[in-house]
Amino acid sequence: MSDDKNNGMSRRDALKLLGAVPLTGALHWTPEAISRATHVLQQDDTEAPKVRPKFFTAHEDATVRILVDLIIPRDERSGSATDARVPEFMDYMLGEATEMNRVEMRGGLAWLDTECRTRFNANFVNCTDTQRRQVLDDISWPEKARPEMSHGVAFFNSFRDFTASGFFSSQMGWKDVRYIGNVFNPNWNGCPTEVLHQLGVSYDS
């Protein structure tokens with residue numbers, strides 16, 4: 001899909017595309033697929049310049065970068081979703097995804113643009129931060145959302161989960177939750193004597 005075609009998609013076309021997948025959302029991934037994507041991106045950390053997206057068009061990539069950072073912004077504890085390379089993670093995953101996954105992502109991004117054009121006469125990327133948040137506020141809370149927002153709600157739920165999967169499977173995400181993994185502790189003096197005694201064992205036997 002070219003950028004021009006994507007930018008010119010009507011609301012009806014966007015809903016038709018998004019309606020081709022179940023409202024429950026189709027962006028679900030196996031732990032193995034997430035692990036593979038994380039491994040590839042870690043290997044790619046030292047490569048420069050960064051490769052262009054293989055799945056996203058330039059316009060979609062710009063939309064995704066803004067959207068993921070609205071979901072996980074940079075704060076005093078860690079970088080943003082873009083800093084953690086979540087857009088690259090998504091692009092890699094979608095390159096190996098099913099057609100249904102791709103349709104949901106593409107249709108959802110197109111829905112976002114058509115909703116913004118209807119309200120503000122501008123694509124999501126060209127809207128102000130306040131305008132973007134107005135649209136997201138209408139699709140972020142499924143129980144409060146108006147029925148006519150159902151397609152946007154389903155897309156955003158999946159997209160938010162996808163963003164979290166990418167962020168918390170990155171090194172930045174691990175550090176954010178203070179997970180250190182299997183790290184050698186040079187100060188480890190062994191199991192305390194009272195615990196060994198409770199277990200009925202000792203280092204001497």
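A nonpolar core is a set of buried Ala, Val, Leu, Ile, Met, Phe, Trp, Tyr and Cys residues joined through side-chain atoms within 4.5 Å. The legends below refer to a predicted model.

Figure 1. Along the sequence, the order of elements is α-α-α-α-α-α-α-α-α-α. The chain has 205 residues, of which 41% are buried. Among contacts with a sequence separation of 6 or more, 72% join residues 24 or more positions apart.

**Figure 2. The largest nonpolar core.** This core holds 34 residues. Within the core, the residues with the most contacts are F56, L67, M90, M105, L112, I139 and F159. Two or more residues each come from α4, α5 (86-95), α6, α7 and α8. The largest contribution is that of α8, with six residues.

**Figure 3. The buried face of helix α7.** Helix α7 spans residues 129-139, and its buried residues are R132, V135, L136 and I139. Viewed down the axis of α7, these buried residues fall within an arc of 95 degrees and therefore line one face of the helix. An α-helix has 3.6 residues a turn, so residues three or four places apart point the same way. T130 and D137 lie on the other side of α7 and are exposed. The cover over the buried residues of α7 includes α4 (58-71), α6 (99-120) and α8 (150-168). I139 is also one of the residues with the most contacts inside the largest nonpolar core.

**Figure 4. Packing of α7 against α8.** The axes of α7 and α8 are 8 Å apart, and the two helices pack at an angle of about 95 degrees. The helices α7 and α8 are therefore roughly perpendicular to each other. On the α7 side, the contact is made by L136, D138 and I139. On the α8 side, G152, V153 and F156 take part.

**Figure 5. S140 in the loop between α7 and α8.** S140 belongs to the loop that links α7 and α8. Its relative accessible area is 10%, so S140 counts as buried. Leaving out residues up to four places away in sequence, S140 touches F156 and R160. One of these, F156, also belongs to the contact between α7 and α8. The C-alpha atoms of S140 and F155 are 9.9 Å apart in space, with the two residues 15 apart in sequence.

**Figure 6. The crossing of α4 and α6.** The axes of α4 and α6 come within 11 Å and cross at roughly 80 degrees. This angle makes α4 roughly perpendicular to α6. In α4, the residues that meet α6 are H59, E60, T63, V64 and L67. Their partners in α6 are R106, L109, L112 and D113. Both L67 and L112 are listed among the residues with the most contacts inside the largest nonpolar core.

**Figure 7. Surroundings of T63.** T63 is a residue of helix α4. It is buried, with 1% relative accessibility. Apart from its neighbours within four places in sequence, T63 is in contact with L109, L112, F124 and V125. L109 and L112 are also among the α6 residues that meet α4.

**Figure 8. Surroundings of D61.** Helix α4 also contains D61. At 12% relative accessibility, D61 counts as buried. Residues up to four places away in sequence aside, D61 touches P53, F56 and P87. F56 is one of the residues with the most contacts inside the largest nonpolar core. D61 and D91 are 30 residues apart in sequence, and their C-alpha atoms are 8.6 Å apart in space.

**Figure 9. The cysteine pair C116 and C127.** The whole structure has zero disulfides. C116 is in no disulfide, and its nearest cysteine sulfur is that of C127, 3.9 Å away. A disulfide requires cysteine sulfur atoms within 2.5 Å. The sulfur of C127 is 3.9 Å from its closest cysteine sulfur, in C116, and therefore too far for a bond. C116 is buried, with a relative accessible area of 0%. C127 is also buried, at 4%.

Key:
Residues numbered from 1 in each chain as written. Predicted model: local features only at pLDDT ≥ 70, side-chain atom pairs only at ≥ 80, totals over all residues. Heavy atoms only, no water. Buried < 20%, exposed > 50% of the residue type's maximum accessible area, 1.4 Å probe, protein only. Helix = DSSP H or I, 4+ residues; strand = E, 2+ residues; numbered from the N terminus. Arc of directions from axis to C-beta. Contact = heavy atoms within 4.5 Å. Axes fitted to C-alpha atoms, helices over the stretch in contact; angles between N-to-C directions. Parallel < 35°, antiparallel > 145°, perpendicular 65-115°, else oblique.
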